[in-house]
Amino acid sequence: MTDERVMMLLESLGHQELEGMIITRPENRRYLTGFSGSAGVFLILKGKGHLFVDSRYIEQAQEECPLLEVILVESVDFGTSAQIVDLIRDTRVGALGFEADHLTFDQHRVLSEKLPFVTLKPMHQLVEDHRRIKNPDEIARIREAAVITDRAYGRIRPCLRPGARERDVCTEIQYQLRKEGSEGESFDTIVVSGARSSLIHGQSSHKEIHAGDTVLMDFGAVFQGYHADMTRTVVMEKASSKQREVFTLLLKAQEAALSLIQPGVTCEEVDTAAREVLKEGGYGDYFTHGIGHGVGLAIHEAPRLKKGIAIPLVSGMVVTVEPGIYIPGEWGCRIEDLVLVTDQGCEVLSHSPKEMEV
Ligand code: ZN
Ligand code: ZN
């Protein structure tokens, strides 16, 4: 599985005239090696991969990466452990790539000081670009994460009643995610209600949920490293005609985006499709973020579905479709589904009911 990925990366490195690359971003390290620990350095030098871990992870790494050379180091920090730097020097690489948006300033300084004869080249999204398209194994894991997310949502209904606090609902979602088999939360679960529901990424508070409040819940499970992401908005007890009107428009906007998704359509076009519907309905100004994002080993990854991203969708991409309408100081709503791009179009992986529930 991972050999194929390393081969793909080697090919990319060849195009960049690089003899190696140092991988520090956890998701990329996991993608290339299969190692799921939280600390480690993956080094590719002249076509050969080396995984450096400290004593906390040595047993796990050897088990997870049987085909890889796993090297025990005192610390995976290049500043305190000489082994990583020594190997780069001894292999006599001329040009080494690094992840420009992950290697820290200090790490870069140490490498430049200790390896004056090596040209360090910043690489942007090199591994991330490969991660955009998922293989069947990755799709199966994301599908399971989505199933767990749906099951958890199905179990929180009793908790959604007037007088409940946002924090209570949030805790219940977290508990049910775990109970249904999630490794954790994809991100900090969002539960915001009433006037607070216009906070796009608000934190749940001690606010009580009252009749007439919209309740926006955004959360997701993690299964074998892969994430799910879903948002549902409900109205507590009685919905106003404006809430109904806005909600219908939002569903229509999401449907416009979903029906467009198929290989070859660009990310931007999907965003525009939903935006146009909201604009026509008079709520264009209240949709202030992109329509979606890729999901995989990271909760937010390439491709971004927003204005200016001309990347065409490809079968095997997993993205969210999440239009929202946020009226500051009043209320907000968002519907978010996880979607797999297929040869024929797309498959929605989120199955929780999304029609306005009261
Ligand atoms: Zn979300
Ligand atoms: Zn999302």
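**Entry 1**

Before I list anything, I need to know what a donor is: an N, O or S atom within 2.8 Å of the metal. I also jot down that I am looking at a predicted model.

With that in hand, I looked up which atoms hold the zinc ion (ligand 1). I found two OD atoms of D218, an OD of D229 and an OE of E336, at 2.0 to 2.6 Å. Along the chain, these donors follow the spacing D-x10-D-x106-E. D229 and E336 link distant parts of the chain, being 107 residues apart. I found D229 in the loop between β10 (226-227) and β11 (230-235), and E336 in the loop between β16 (331-334) and β17 (337-341). Both D229 and E336 are buried.

Next I checked the angles.

**Entry 1**

I noted E322 as buried, along with D229.

How far apart are the two zinc ions, and which residue bridges them? They lie 3.1 Å apart, and the bridge is D229.

**Entry 2: a closer look at D218**

I went back to D218, which gives two donor atoms to the zinc ion (ligand 1). D218 is in strand β8 (residues 214-219). Is D218 buried or exposed? Its relative accessible area is 3%, so D218 counts as buried.

I then listed its neighbours, leaving out residues up to four places away in sequence. D218 touches F187, T189, I190, H201, D229, M230, T231, R334 and E336. With R334 there is also a polar contact, side chain to side chain, at 2.8 Å.

**Entry 3: helix α7**

Time for a helix. α7 covers residues 136-154, which is 19 residues. From first C-alpha to last it reaches 27 Å, close to the 27 Å expected at 1.5 Å a residue.

What caps the N-terminal end of α7? It is N135, with a side-chain oxygen 3.1 Å from the backbone nitrogen of D137.

I also wrote down the buried residues of α7: E138, I139, R141, I142, A145, A146, I148, T149, D150, A152 and Y153.

**Entry 5**

β2 (residues 41-45) has 5 of its 5 residues buried. Which residues lie on each face? V41, L43 and L45 are on one side, with F42 and I44 on the other, and both faces are covered.

β2 pairs with β1 in the antiparallel sense over 4 bridges, and M21 stands opposite I44. β2 also runs antiparallel to β3 (residues 48-53), joined by 5 bridges. There, L45 stands opposite K48. The hairpin of β2 and β3 has 2 residues between the strands, and K46 takes a positive phi near 45°.

Most residues other than glycine have a negative phi, and most peptide bonds are trans. I looked for exceptions.

E17 has a positive phi near 55°. E17 is in the loop between α1 (2-15) and β1 (20-23), and at 70% relative accessibility it counts as exposed.

Q125 has a positive phi near 60°. Its place is the loop between β6 (119-123) and α6 (126-131), and at 30% relative accessibility Q125 is partly exposed.

Last, a cis peptide bond joins A302 and P303, with omega about 0°. P303 lies in strand β13 (residues 301-305).

Conventions
Residues are numbered from 1 along each chain as its sequence is written. Chains are lettered from A and ligands numbered from 1 in the order in which they are written. This is a predicted model: local features need pLDDT of at least 70, side-chain atom pairs count only at pLDDT 80 or more; totals for chains, interfaces and linings use all residues. Side-chain values use heavy atoms; hydrogens and water are left out. Donors are N, O and S atoms within 2.8 Å of the metal (3.2 Å for Na, K and Ca); water is not among the atoms, so sites may look incomplete. Buried means under 20% relative accessible area, exposed over 50%, partly exposed in between (1.4 Å probe, protein chains only). The expected span of a helix is 1.5 Å times one less than its number of residues. A polar contact is a pair of N or O atoms within 3.5 Å; within protein, one must be able to donate a hydrogen and the other to accept it, and residues adjacent in sequence count only if both atoms are side-chain atoms. Contact means heavy atoms within 4.5 Å. Two strands pair if DSSP finds at least two bridges between them.
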